[in-house]
Amino acid sequence: MGTCKTRSSNSKKQVCYISVPAQIINSVSSSSLHSFLDNKSSKKKNTTTSKFFNLRNPKLWSLSLFLLTVLGISLRLSLCLSPFGFNDHESQLQSSDSNVSPKSHLVEISNAKDRSLDTGVEKNETFGGDRSHLNLITSDGNGHGDKNEFWKQPDGLGYKPCLEFSNGYRRESKKIARERRKYLMVVVSGGLNQQKIQIVDAVVIARILGAVLVVPILQINLIWGDESEFSDIFDLEQFKSVLANDVKIVSLLPASKIMTRPSEEGGMPFNASPQWIRSHYLKRFNRDGVLLLRRLDSRLSKDLPTDLQKLRCKVAFEALKFSPWVMEMGKKLAERMRSKGPYIALHLRMEKDVWVRTGCLSGLSSKFDEIVNIERIKRPELLTAKSSMTSNERKLAGLCPLNAKEVTRLLRALGAPRDARIYWAGGEPLGGKEALKPLTSEFPNLYNKYDIALPLELKPFAKRASIMAAIDYIVCKESDVFMASHGGNMGHALQGHRAYEGHKKIITPNKRHMLPYFVNTSMSKTEFEKMIKKLHRQSLGQPELRVSKAGRDVTKYPVPECMCKQATSTI
């Protein structure tokens with residue numbers, strides 16, 4: 001604070017004083033002050049110097065204190081500012097503000113969020129607190145950083161989405177747009193990504209039959225008790241508008257069909273062809289007008305005519321978007337993960353039911369192995385793996401999920417920097433936090449959606465497992481690097497989606513070939529890392545042609561049916 005007062009009533013000159021905190025004065029050494037004074041004195045005559053540096057000279061003190069104040073403030077600012085600092089509480093609250101309101105019975109989601117903001121939500125201390133140790137090291141030192149080779153994206157070889165349909169397909173679309181007699185109803189089951197696969201196939205089946213598709217019904221999951229409807233999870237208007245030229249979609253049966261008892265058919269075989277579908281269902285349509293299909297999982301053939309394969313991609317990657325409020329939450333968490341640079345997303349399949357179903361053991365301890373074995377004996381129908389193989393044989397065959405220790409060793413061998421931020425998606429692992437300890441000890445910046453969400457931000461979604469899974473999907477899709485510890489529907493869906501959006505890096509663990517090196521204690525660390533990198537050189541998200549993978553889903557391998565190299569004009 002500065003003050004000025006007149007020296008005397010007859011003088012027009014004023015003397016100004018600036019108050020400076022003591023800690024700022026103390027932070028400057030006396031030698032610096034003397035040096036400053038000596039430099040100034042050299043420019044004056046000796047007589048003037050002695051007069052100017054009289055300790056009682058108010059001009060000297062005013063100038064010195066002013067310069068010291070400027071120096072002190074500069075020092076403080078340089079200590080406070082950080083180019084990679086997390087946003088403060090105010091910016092987090094601003095990013096949490098929403099102008100999108102949910103529909104129907106999800107209105108409480110928006111209301112709850114607004115209430116939490118109105119009452120002043122505290123900053124998430126786990127993720128948004130003092131995290132100065134997370135700063136990236138951009139040099140090529142031991143800490144690695146954002147210039148590390150690990151973050152390099154694969155070469156997409158010029159492949160871009162191309163969904164140009166044939167002339168015959170477009171002519172048929174005009175007939176389908178006028179359809180008013182045949183209505184297809186479908187009930188889809190399972191988790192979110194399993195439901196998505198069935199919805200994609202439902203659209204294709206409706207196209208094959210030339211029928212109007214009623215918005216798919218989501219079966220209530222008995223495990224999670226999620227009662228979400230289609231429009232709670234997906235953007236219904238987007239779904240209808242994008243597919244308007246492919247399949248006519250209605251929200252409800254017309255009044256003339258409501259009293260019609262649908263012909264229910266649940267006997268579609270696996271890998272059914274378009275010819276089989278037409279021969280079995282068109283007669284039922286002509287008789288009843290409404291057909292109800294259930295259990296569509298893996299029923300429709302993966303090898304279809306090119307136009308139908310393109311339609312699959314169009315549904316999966318362009319029409320089937322998440323609802324605005326789900327997208328908003330997912331994007332928000334992705335932005336927080338990216339607030340300090342690139343990040344890795346992991347889909348960890350370490351839940352108890354996964355170990356039971358795969359016939360594998362978690363590698364935690366004999367206590368948890370016994371828990372898995374008892375559950376497997378109680379419910380043998382859960383075991384989907386070959387019962388003739390031991391747990392160790394399954395692991396060496398690459399049929400088991402990677403545990404936290406194996407994920408850690410793989411990431412380190414591939415060059416992941418220790419300070420990398422990692423988002424992990426998936427259910428509660430068997431063994432809880434203890435199961436993740438090998439991962440957190442090597443990569444301390446490990447978060448899930450609960451760590452980076454503000455308090456109460458996820459509460460409205462607590463009983464909606466499909467929406468929680470959708471949020472995980474969005475954050476994983478937006479990541480710089482993605483890896484699934486054990487395939488599955490989500491891993492497959494993200495592999496195709498990331499390819500369609502530009503072949504963003506995805507690590508596909510080569511489990512069958514790499515695990516023998518994990519147990520080889522004679523290898524040096526350098527040899528081990530060299531071999532792991534060699535095994536994964538072609539498994540980092542580069543374009544893979546589906547033609548060499550007959551029977552594989554085009555939504556996992558969109559090249560070449562749904563992606564092509566754009567023709568370039570030559571001069």
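Predicted model: local features only at pLDDT ≥ 70, side-chain atom pairs only at ≥ 80, totals over all residues.

**Contacts of a helix residue**

Leaving aside neighbours within four places in sequence, I find Glu406 in contact with Lys395, Pro401, Leu515 and Phe518. Phe518 lies 112 residues from Glu406 along the chain, yet I read a separation of 7.9 Å between their C-alpha atoms. Glu406 itself belongs to helix α19, which covers residues 404-413.

Is Glu406 buried or exposed? I note a relative accessible area of 11%.

**Strand β10**

Next I went to strand β10, residues 343-347. How many of the residues of β10 are buried? I noted five of the five, so the strand is largely enclosed by the rest of the structure.

I then checked which way the side chains point. In a regular strand they alternate between the two faces of the sheet. In β10, I see Tyr343, Ala345 and His347 pointing one way. Ile344 and Leu346 point the other way, and the residues of both sets are all buried.

**Partners of β10**

Which strands pair with β10? One is β11, residues 421-425, paired with β10 in the parallel sense over five bridges. In this pairing I found His347 opposite Ala425 of β11.

Another is β13, residues 481-484, which runs parallel to β10 and is joined to it by four bridges. Here I have Ala345 standing opposite Phe482 of β13.

Technical notes: Residues numbered from 1 in each chain as written. Heavy atoms only, no water. Helix = DSSP H or I, 4+ residues; strand = E, 2+ residues; numbered from the N terminus. Buried < 20%, exposed > 50% of the residue type's maximum accessible area, 1.4 Å probe, protein only. Contact = heavy atoms within 4.5 Å. Pairing = 2+ DSSP bridges.
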